[in-house]
Amino acid sequence: MKKIITTPNAPAPIGPYNQAVLSGNTLYTSGQIAFNPETGVLVLDDIKTETKQVMENMKAVLKAANMTFDNVIKSSIFISDMDNFGQINEVYGSYFDDVNAPARETVEVARLPKDVNVEISMIAVK
């Protein structure tokens, strides 16, 4: 059985998918990019600001499922330029405790939706 998770505090889907799906105690989030949910505008000022908006969007999705970053067991980070890894990692890391940080992969890709620089998805467990 699955439960669809949605919140107005994160960007609405731009295709045939949901912000997240809860199956049992496991939450599977869709990838978040740097849309500001209040304005609908992409936040692309610089890579740190963009990554912060992505993480804030993810925080809102987790909250809608009554979870926090403490519940995250796996993250997937897709970036358009591996040269941005250090700055993305700095912002991403500020949302986690080093001791309890989730498993993760970071992959450079040829292109991301809306030509953003970073997209992040997560799996979380209650």
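Does Ser-75 count as buried or exposed, and at what relative accessibility? At 0% relative accessibility, Ser-75 counts as buried, where buried means under 20% relative accessible area, exposed over 50% and partly exposed in between, with a 1.4 Å probe and protein chains only. The model is predicted, so that local features need pLDDT of at least 70 and side-chain atom pairs count only at pLDDT 80 or more, while totals for chains, interfaces and linings use all residues. Residues are numbered from 1 along each chain as its sequence is written, and side-chain values use heavy atoms, with hydrogens and water left out.

Ser-75 is located in strand S4; strands (E, at least two residues) and helices (H or I, at least four) are DSSP runs numbered from the N terminus. The side chains of Ser-75 and Tyr-92 are joined by a polar contact of 2.9 Å. A polar contact is a pair of N or O atoms within 3.5 Å; within protein, one must be able to donate a hydrogen and the other to accept it, and residues adjacent in sequence count only if both atoms are side-chain atoms. Apart from neighbours within four places in sequence, the residues in contact with Ser-75 include Phe-96, Pro-102, Arg-104 and Ser-121, contact meaning heavy atoms within 4.5 Å.

Rings of Phe, Tyr and Trp (its six-membered ring) pair if their centres lie within 6.5 Å; planes under 30 degrees apart count as stacked, over 60 as edge-to-face and the rest as tilted. By this rule the count is three aromatic pairs. The ring centres of Phe-69 and Tyr-95 are 5.3 Å apart and the planes stand at 65°, so this pair is edge-to-face. Because Phe-69 lies in the loop between H1 and S4 and Tyr-95 in the loop between H2 and S5, the pair ties together parts that are 26 residues apart in sequence. Both Phe-69 and Tyr-95 are buried. For Tyr-92 and Phe-96, centres 4.8 Å apart and planes at 40° make the pair tilted; these two residues are buried as well. Phe-69, Tyr-92, Tyr-95 and Phe-96 form one aromatic cluster.

Strand S4 belongs to an open sheet of six strands with mixed pairing, in the order S1-S2-S3-S6-S4-S5; two strands pair if DSSP finds at least two bridges between them. Strand S1 (2-5) and strand S5 (103-108) are at the edges with a single partner strand each, so one side of each is left without a neighbour in the sheet. Strands S2 (residues 20-23) and S3 (residues 26-29) pair in the antiparallel sense over four bridges, and Ser-23 has Thr-26 in S3 as its bridge partner. Helix H1 (residues 47-64) packs on the sheet, touching S1, S2, S3, S4 and S6, and its direction makes about 30° with that of S6. Helix H2 (residues 85-93) touches S4, S5 and S6, its direction making about 150° with that of S4. Axes are lines fitted to C-alpha atoms, for helices over the stretch in contact, and angles run from 0 to 180 degrees between N-to-C directions.

The buried residues of H1 include Ile-47, Val-54, Met-58 and Leu-62. Asp-46 caps the N-terminal end of H1, with a side-chain oxygen 3.1 Å from the backbone nitrogen of Lys-48. Just after H1, Asn-66 takes a positive phi of about 60°.
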